[in-house]
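Keep the sequence and the 3D view open as you read.

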Amino acid sequence: MKIVFLHSHKFRKIKNEYYSLGGLSDKVLGRYAQYADEVTIIARIIEQEEFDDNNMYSKIINEKVEIKDYRNLSRRELKEEINSADRVIARLPCMISIKGIKLAKKLDKKYLVEVVGCAWDAYWNHSLRGKVVALWMFMKMKSAIKKAPRVLYVSNEFLQNKYPTNGIQIACSDVVLPNLEEKILNRRNAKIENMKKNNKIIIGTIGAVDVKYKGQAYVIKAVKNLKNKGYNIEYQVVGSGNNKNLQKIAKKYNVYKDVKFIGSLPHEKIFDWIDNIDIYIQPSKVEGLPRALIEAMSRACPCIGSTAGGIPELLKPEYIFKKGDSKELAKIVENLSKDNMLEQASFNFEQAQKYNGKVINNRRNKFYEEFISEI
């Protein structure tokens with residue numbers, strides 16, 4: 001059994017070994033490798049001479065996995081790759097996946113589509129060139145999903161409403177959490193109860209710091225508004241990439257000393273960091289269903305999020321601000337009382353239970369097993 005997986009994920013090649021900085025880690029790729037003798041990943045490859053201290057690298061070690069750069073494949077070679085596959089999995093939004101789906105249909109290959117984000121949001125907020133192709137990609141993606149025989153959505157409602165399908169579908173997040181113990185909630189409640197009026201409020205965000213649509217700039221502006229009103233507040237930013245642009249923004253608003261760039265953290269240390277902040281903020285302009293927000297909720301952390309993607313599916317309406325609106329974000333922080341935070345802690349912790357690893361994995365595995373076993 002051979003699976004061809006398509007997505008514009010950027011793998012790093014360092015000294016002839018491959019690494020991932022994001023969602024397609026070796027562990028994630030193992031989900032597909034368990035059903036196949038070989039898995040060919042058609043994505044992007046960026047060659048580097050050495051590791052960057054600002055990034056956390058996940059080494060791809062699964063022997064079944066081969067990674068190819070689609071930019072080096074001609075149309076004929078891409079067609080040959082698809083033709084050699086027993087099953088094709090295409091992750092959207094992505095231009096190469098649109099081409100792969102078209103070829104899979106033409107070659108009568110069984111294929112499945114994973115929907116992890118909105119094409120319009122992703123391209124419109126990416127660049128000037130992105131704005132030019134946003135509508136085209138939106139329409140192409142909408143058509144591809146409508147006609148797909150099987151579709152996995154990472155959201156519960158948002159992506160399904162924008163990109164409905166006539167095929168078999170499942171809502172299954174990429175987020176997988178360990179069993180959540182009640183002591184997590186108890187610790188958070190004690191932390192909130194012990195907050196004093198003049199204590200420093202620590203807010204935080206996880207996300208690549210060199211990607212504008214992650215929205216940290218809006219939180220920095222909100223920090224300025226809150227400081228002007230006398231709040232003692234610190235903003236901690238966790239994430240890989242070059243933070244020079246965000247540093248400039250922090251200096252511009254005279255809050256440079258109040259913004260701390262933590263850099264990348266190993267995943268096993270993320271929960272410890274969340275446990276030490278007071279409020280988690282997901283300020284994105286583009287999202288599917290954000291892993292970081294769900295992980296923050298799993299630590300019973302009070303959370304605030306933008307209107308992007310599936311974020312409003314996770315939080316109560318009073319903790320949602322219009323994406324890009326720093327003033328509304330600051331107002332929500334101002335209005336948070338101890339009672340609000342305690343209520344949020346319980347609500348968020350309960351919501352996160354839906355992403356229990358065993359439950360999610362069982363649902364996903366059943367969906368893929370049915371796909372693999374199709375005659």
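V115 stands opposite Y153, a residue of strand β8. Please bear in mind that this is a predicted model.

**Strand β7 and its partners**

On one pairing, β7 runs parallel to β8 (residues 150–153) over three bridges. On another, β7 runs parallel to β6 (residues 87–92), and six bridges join the two. In that pairing, R87 stands opposite K110 of β7. To get from β6 to β7, the chain passes through helix α3 (residues 95–106), making a right-handed β-α-β crossover.

| Partner of β7 | Sense | Bridges |
|---|---|---|
| β6 (residues 87–92) | parallel | six |
| β8 (residues 150–153) | parallel | three |

**Helix α8 and its surroundings**

Now for helix α8, with 13 residues (216–228). From first C-alpha to last, α8 reaches 19 Å, close to the expected 18 Å. Which residues of α8 are buried? They are Q216, A217, Y218, V219, I220, A222, V223 and L226. These buried residues pack against several strands, namely β10 (201–206), β11 (233–238), β12 (259–263) and β13 (279–282), and against the helices α9 (244–252) and α13 (326–334). After α8 comes G230, with a positive phi near 95°.

Terms used
Residues numbered from 1 in each chain as written. Predicted model: local features only at pLDDT ≥ 70, side-chain atom pairs only at ≥ 80, totals over all residues. Heavy atoms only, no water. Pairing = 2+ DSSP bridges. Helix = DSSP H or I, 4+ residues; strand = E, 2+ residues; numbered from the N terminus. Right-handed = clockwise from strand over helix to strand, strands pointing away. Expected span 1.5 Å × (residues − 1). Buried < 20%, exposed > 50% of the residue type's maximum accessible area, 1.4 Å probe, protein only. Contact = heavy atoms within 4.5 Å.
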